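Dear colleague,

I am handing over the structure below and would be glad if you kept it open while reading the notes that follow. They go from the packing of the helices to the core, and then to a few backbone details.

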Amino acid sequence: MSIFDRLKKVTSGAPTEAAAAVQKKTFTFPTLPESLEEMQALPEAALEDPFQTAALTVCALCAYAADKCIGTKMLNWLRGPRPLSPHDISFLNDRFREGHYVPFSYFSGATPENDYTPKPPFTLTFEEGLYADMNPGYKKLRIRSGGADSPREIVLRQTAGQKWYLWDQFLMVGIRQAKSENPWA
């Protein structure tokens, strides 16, 4: 048996236990929160589940695109005892220079062709990756962007009080340019 035959045999088997156990959750928002108080009034604000915190993080990044002060308040609340550092704020400001539409690209229906303008209700779907629970007390989730070929990741951390907070996000990275801003489109 050649090495290629052995590789085929290994990869052609039944899905692994880890792959079969991947969890997915979808969240739908009739409107996006425009203040910290509106965000805290949402059922997801219980932060009892890492998926809830991840969904609210995308909403907070959308708010940041419209108003940095409001977005910062939301993100600081989602980060719990670890507010944004000056470096984090500088990073976000840099990312938003490239386009305010990046966080909106994660909603269903948002594509470069419609300038990443999703229609209400606003729907987000997160899933666990293979290494979602690699580190105890942390959860790594993935979400697809309408402007990227591979999913982006967000890391949440659980406190002793069992709430999940934003630890790190890899959502504000480059995506395909919106059609209205693309001179080659």
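A crossing is called left-handed if the near helix is turned anticlockwise from the far one by less than a right angle, and right-handed if clockwise. Please bear in mind throughout that this is a predicted model, so that local features are reported where pLDDT is at least 70, and side-chain atom pairs where it is 80 or more.

With that term in hand, α4 passes α5 in a left-handed crossing. The residues of α4 that make the contact are T53, L56, T57, A60, L61, A63, Y64 and A66, and they meet K68, I70, G71, T72, M74, L75, W77 and L78 of α5. By residue type, this contact of α4 with α5 comprises 11 nonpolar residues, 4 polar ones and 1 charged one. Helix α4 covers residues 50–66 and helix α5 covers residues 68–78, and their axes come within 6 Å and cross at roughly 160°. Since angles over 145 degrees count as roughly antiparallel, α4 and α5 are therefore roughly antiparallel to each other.

The pairing of α4 with α6 has another geometry: the axes of these two helices come within 11 Å and cross at roughly 70°, and α4 and α6 are therefore roughly perpendicular to each other. Here L61, Y64 and A65 in α4 meet I89, L92, N93 and F96 in α6, and the residues of this contact divide into 6 nonpolar and 1 polar, with no charged residue.

As for the overall layout, the protein has 6 helices and 5 strands, which follow the pattern α-α-β-α-α-α-α-β-β-β-β when read along the sequence. Of the 185 residues in the protein, 41% are buried. Among contacts between residues at least 6 apart in sequence, 58% join residues at least 24 apart.

The largest nonpolar core has 46 residues, and those with the most contacts inside it are F29, L124 and F126. Helix α4 gives the most to this core, with 11 residues.

Some backbone details deserve a look of their own. Most residues other than glycine have a negative phi, and most peptide bonds are trans. Against that background, P120 and P121 are joined by a cis peptide bond, with omega at about -5°, and P121 lies in the loop between α6 (86–97) and β2 (122–128). L47, although it is not a glycine, has a positive phi of about 55°; this residue is found in the loop between α3 (36–40) and α4, and its 1% relative accessibility is why L47 counts as buried. Q162, also a residue other than glycine, has a positive phi near 75° and lies in the loop between β4 (152–158) and β5 (164–169), but with a relative accessible area of 48% Q162 is partly exposed.

Finally, there is the end of β5 and what follows. Q169 lies in strand β5 and is buried, with a relative accessible area of 13%. Q169 and R152 are 17 residues apart in sequence and 8.5 Å apart in space, C-alpha to C-alpha. F170 is found in the segment after β5 and, at 39% relative accessibility, counts as partly exposed. The C-alpha atoms of F170 and I154 are separated by 5.8 Å, with the two residues 16 apart along the chain.

With best regards

Key
Residues numbered from 1 in each chain as written. Heavy atoms only, no water. Axes fitted to C-alpha atoms, helices over the stretch in contact; angles between N-to-C directions. Helix = DSSP H or I, 4+ residues; strand = E, 2+ residues; numbered from the N terminus. Parallel < 35°, antiparallel > 145°, perpendicular 65-115°, else oblique. Contact = heavy atoms within 4.5 Å. Nonpolar A, V, L, I, M, F, W, Y, C, P; charged D, E, K, R; others polar. Core = buried A, V, L, I, M, F, W, Y, C linked by side-chain atoms within 4.5 Å. Buried < 20%, exposed > 50% of the residue type's maximum accessible area, 1.4 Å probe, protein only.
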